[in-house]
Amino acid sequence: MKLVLGYLYPSVMSQYGDRGNVLTIQKRCQWRGIDVEVDHLELGDRVDPDRVDLLLVGGGADTHQRLVCDDLLHVKGDGIRHAVEDGAAAFAVCAGYQLWGHYYKTATGDELPGLGVFPAHTVHRAAQTGTKLDTITKAGSVRAVGNLVVRWGSRILVGFENHGGRTYLEGGARPFGRVLAGSGNNSEDGWEGCVHKNAIGTYMHGPAFPKNPALADHLIKTALTRRYGSVTLDRLDDAREISAQHRALQQATAKSGRWRRLWSDGVG
Amino acid sequence: MKALGETGGSQAGRLAGEPEASAPRRRAWTTMTARAAAVNAGKTVRFMSRALGRGGGTTLPGHLADRIDPGLVAALARALPNGCVLITGTNGKTTTTRIMAGAARASGLEVITNPEGSNMLSGIATSLLVRANRLGILEVPASAIGIFEVDEGALPAAIETLSPRLVVITNLFRDQLDRYFEVDFIAHLWQRALSKVGPSTTVVLNADDPQVAYLGEGTSARVMYFGVEDRQWARPALEHAADSRRCPECSHDLLYELSFYAHLGHYACKECGWRRPDPRFAAWKVQLQGVEGSESHVSTPAGDRLLRLPLPGLYNACNALAAAAAASCLGVDPDLVQVAAQATMSAFGRFERVSVGGKQAVLLLVKNPTGFNESLRLVLSASGQRYLLLGLNSNGPDGRDVSWIWDVEFEACAGRIQYLAVSGHRASDLALRLKYAGVRDPGGRPEPASLAAPAVEDIVATFFTAIEQTPRGETLYVLASYTALWTLRRELVQRGYLAPFFRQAEVAR
């Protein structure tokens with residue numbers, strides 16, 4: 001068996017360690033004897049819906065969003081939409097998630113059209129509140145930054161979120177999970193992410209896959225099922241994954257006092 | 001009319017007798033009183049903090065004084081006879097500040113500087129207020145100059161408050177995204193801050209870093225570039241940790257003719273033609289002598305110079321180059337930079353050497369993917385066997401988000417490490433990262449025994465176990481995030497293996 005992973009915009013949309021998701025898919029397939037080919041699909045490269053089994057896109061800087069937006073609409077859009085409608089697996093994080101929705105209203109109020117895979121739209125918090133982002137403090141005040149814990153079906157997932165945009169699901173949209181700690185889509189309705197067919201959009205960095213191996217395996221499985229029919233994945237020894245997940249969960253739910261206080265005093 | 005309850009009764013009374021001048025003079029008097037009160041409160045807090053053994057008292061005094069009198073820092077900075085210098089950048093600002101301060105001292109200047117880690121405005125305020133007398137007036141000789149390290153995010157406020165004569169920017173990498181959000185945002189803040197300074201200020205910029213070099217375009221300050229011209233350290237491709245691959249002018253792809261590390265190199269935009277500026281201070285030949293240090297042949301406007309440095313790696317050679325460029329803008333001879341560089345003691349976690357029971361350890365602070373990659377490269381370039389201890393915490397100063405370890409090239413360690421241990425609150429994240437990097441024990445076991453065991457979060461315990469495992473004659477390399485290293489360092493100080501760093505800074509002064 002072979003899995004073809006389409007890694008979208010590795011150089012401009014992989015700011016928050018999301019490359020770890022790619023490594024995780026590669027290793028977890030390798031350990032099971034499944035071949036993996038990674039296509040690096042940069043700006044200007046097209047997506048072949050018959051070739052890719054799994055699409056991954058990560059978070060990027062706001063400044064690159066317009067470039068990526070143009071490329072999504074005019075170069076990759078058709079390929080991605082065809083692949084997703086045909087049942088290919090996809091995992092879009094943060095800026096990737098935002099640009100796969102209907103539109104994204106930026107901090108300055110411009111509206112970037114999205115790919116429309118997810119029935120959702122995103123508005124930057126600064127545009128909602130009319131905040132001008134001219135200092136670190138102001139930029140921080142509009143961002144949702146911190147640990148993110150989500151209930152996904154019967155499982156608990158843990159990661160980290162860092163976003164200025166607030167995403168709102170539209171009628172008929174299926175959320176990816178329920179927020180247990182953190183902000184998720186918009187810190188108002190308690191939902192996190194969005195699902196369409198086998199495509200998942202989420203704010204979960206961390207990166208999401210290494211510490212949530214069940215999620216990684218879910219995407220490997222749906223990707224392979226589309227090509228090979230029903231597949232069963234061999235069990236792996238996930239002791240180290242689970243122990244890292246538990247520690248991250250502890251950190252996410254505990255309030256650390258001392259260093260945070262010192263830091264806000266400017267020590268360090 | 002005499003205001004009731006006015007402090008300093010007799011003075012206020014005299015003022016009351018002169019109605020014309022009364023209001024401004026009283027304002028001047030209350031300003032003076034507030035200033036003195038601010039300085040005295042700050043000094044008291046600093047004295048108590050040290051007496052109670054609560055550390056160096058390097059930030060809180062300045063913070064408090066600033067709350068009492070918000071104009072204090074600007075006023076003290078204005079009173080510096082030779083003005084002040086601000087040094088910032090993601091990596092290398094501490095080392096650059098130290099070398100520069102050393103060179104300035106060697107040239108006869110009296111240097112006022114902030115100790116390691118106290119690089120917010122409150123830290124700079126503390127270093128100034130300890131030099132003020134009880135009336136709040138700066139008491140320094142005519143040869144005094146301020147040379148301050150500044151946090152990247154604090155640079156705009158520092159420029160506005162301190163009106164520096166010289167600003168040095170070493171580089172801009174991705175670092176603590178939970179605190180700084182995006183690299184481009186910091187670049188944007190710097191650009192705005194520099195657009196407000198005039199030609200009386202000089203800006204020293206790294207020509208090899210496109211986002212830093214581009215800062216020279218939108219400012220009316222004098223601009224001086226430094227950069228590396230030696231092609232032997234160029235690598236074939238940009239690393240994954242490169243943050244800035246796009247032209248700051250037109251957003252198109254930058255073409256790299258040479259790439260040194262991260263996104264530092266020789267670049268040009270194929271679309272708009274914007275390219276790396278030619279540096280006036282250029283390292284033509286850099287000889288890296290492993291972990292011992294480096295030797296650079298540098299061309300300067302004052303002629304060619306040799307720059308020897310006891311700190312290892314190309315990145316430290318770049319720091320020395322930045323210091324040489326900055327020092328020459330102050331009129332300090334580059335030869336004195338050479339003297340200062342050779343005498344530079346390593347700062348907190350910048351290749352600090354420790355000897356424990358006849359065994360050697362080196363402490364390296366790692367804060368971001370670029371710094372971690374360079375530190376790993378250094379460890380792997382060392383001769384002999386490799387003993388490595390990694391520490392990762394996720395407290396505020398470390399960055400609460402640990403995802404960046406997935407952008408570090410741990411794959412390069414696979415099969416090349418004799419002993420490897422992980423520690424810190426997020427030891428399990430490190431262990432997981434190493435598993436996916438395929439890091440295995442060269443002894444043939446599936447993976448290092450230290451990794452097979454449950455991760456030990458206590459960095460002190462892990463350190464003493466690791467140093468026991470390290471044979472005499474070999475070196476244990478400790479690569480740890482800020483609070484993990486701080487915890488270890490504090491223990492090593494308590495056991496007498498190291499000096500506290502605020503005392504170290506005083507010795508340097």
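In which sense do β12(B) and strand β13 of chain B pair, and over how many bridges? I looked this up first. The two strands, β13 covering residues 359–365, run antiparallel to each other and share 6 bridges. I am working from a predicted model.

**Entry: the sheet of chain B**

I followed β12(B) and β13(B) into the sheet they belong to. The sheet is open and has 5 strands, in the order β12-β13-β16-β14-β15 of chain B, with mixed pairing. At its edges I found β12 (350–356) and β15 (419–423) of chain B, each of which pairs on one side only.

**Entry: chain B as a whole**

I counted the secondary structure of chain B as 18 helices and 16 strands. Chain B has 509 residues, and 55% of them are buried. I then looked at contacts in chain B between residues at least 6 apart in sequence: 69% of these join residues at least 24 apart.

**Entry: two domains in chain B**

The assignment divides chain B into domain 1 (83–113 + 143–343) and domain 2 (350–508). I have their centres, taken over C-alpha atoms, at 28 Å from each other. Across the boundary, 22 residues of domain 1 of chain B are in contact with 17 residues of domain 2 of chain B. On the domain 1 side, α5 (93–106) and α8 (177–180) of chain B each supply at least two of the touching residues. I note that α8(B) gives the most to that side, with 3 residues. Sorted by class, the side of domain 1 of chain B that touches domain 2 of chain B holds 9 nonpolar, 8 polar and 5 charged residues.

**Entry: the largest nonpolar core**

Which residues touch the most other members of the largest nonpolar core? I list Leu54(A), Leu86(B), Met100(B), Leu321(B) and Val478(B), in a core of 213 residues. Helix α11 (residues 314–329) of chain B contributes the largest share, 12 residues. Domain 1 and domain 2 of chain B each put at least three residues into this core. As background, nonpolar side chains tend to be buried together in soluble globular proteins.

I went back to Leu321(B) for its contacts. Leaving out residues up to four places away in sequence, Leu321(B) touches Phe226(B), Phe281(B), Ala283(B), Ser296(B) and Val298(B).

**Entry: helix α14 of chain B**

How many of the residues of helix α14 of chain B are buried? I get 9 of 10 for this helix, residues 427–436, which leaves it mostly covered. Among the buried residues are the charged pair of entries I marked, Asp429(B) and Arg433(B), along with Leu430(B), Leu432(B), Leu434(B) and Tyr436(B). After α14(B) comes Gly438(B), where I find a positive phi, near 70 degrees.

**Entry: where chain A meets chain B**

I found 39 residues of chain A in contact with 40 residues of chain B. Several elements of chain A give two or more residues to its side of the contact, including α1 (19–30), α2 (62–85), β8 (144–152), β9 (155–163) and α9 (258–264). The most comes from α8(A), with 6 residues. By class, I divide the chain A side into 14 nonpolar, 15 polar and 10 charged residues.

**Entry: strands β7 and β10 of chain A**

Why do I call strand β10 of chain A largely enclosed by the rest of the structure? Because 4 of its 5 residues, in the stretch 165–169, are buried. Strand β7 (residues 120–124) of chain A runs antiparallel to β10(A) and is joined to it by 5 bridges. Within this pair, His121(A) stands opposite Tyr168(A).

I stayed with β7 of chain A for one more residue, His124(A). His124(A) has 24 C-beta neighbours inside 10 Å, so I count it as buried. Not counting residues up to four places away in sequence, His124(A) touches Lys105(A), Thr106(A), Ala107(A), Gly164(A) and Gly165(A). I also noted Thr108(A), which is 16 residues from His124(A) in sequence and 8.4 Å from it in space, C-alpha to C-alpha.

Technical notes: Residues are numbered from 1 along each chain as its sequence is written. Chains are lettered from A and ligands numbered from 1 in the order in which they are written. This is a predicted model: local features need pLDDT of at least 70, side-chain atom pairs count only at pLDDT 80 or more; totals for chains, interfaces and linings use all residues. A nonpolar core is a set of buried Ala, Val, Leu, Ile, Met, Phe, Trp, Tyr and Cys residues joined through C-beta atoms within 7 Å. A residue is buried if 20 or more other C-beta atoms lie within 10 Å of its own, exposed if 12 or fewer, and partly exposed in between; C-beta atoms are placed from the backbone. Domain bounds come from an automatic or database domain assignment. Two residues are in contact if their C-beta atoms, placed from the backbone, lie within 7 Å. Two strands pair if DSSP finds at least two bridges between them.
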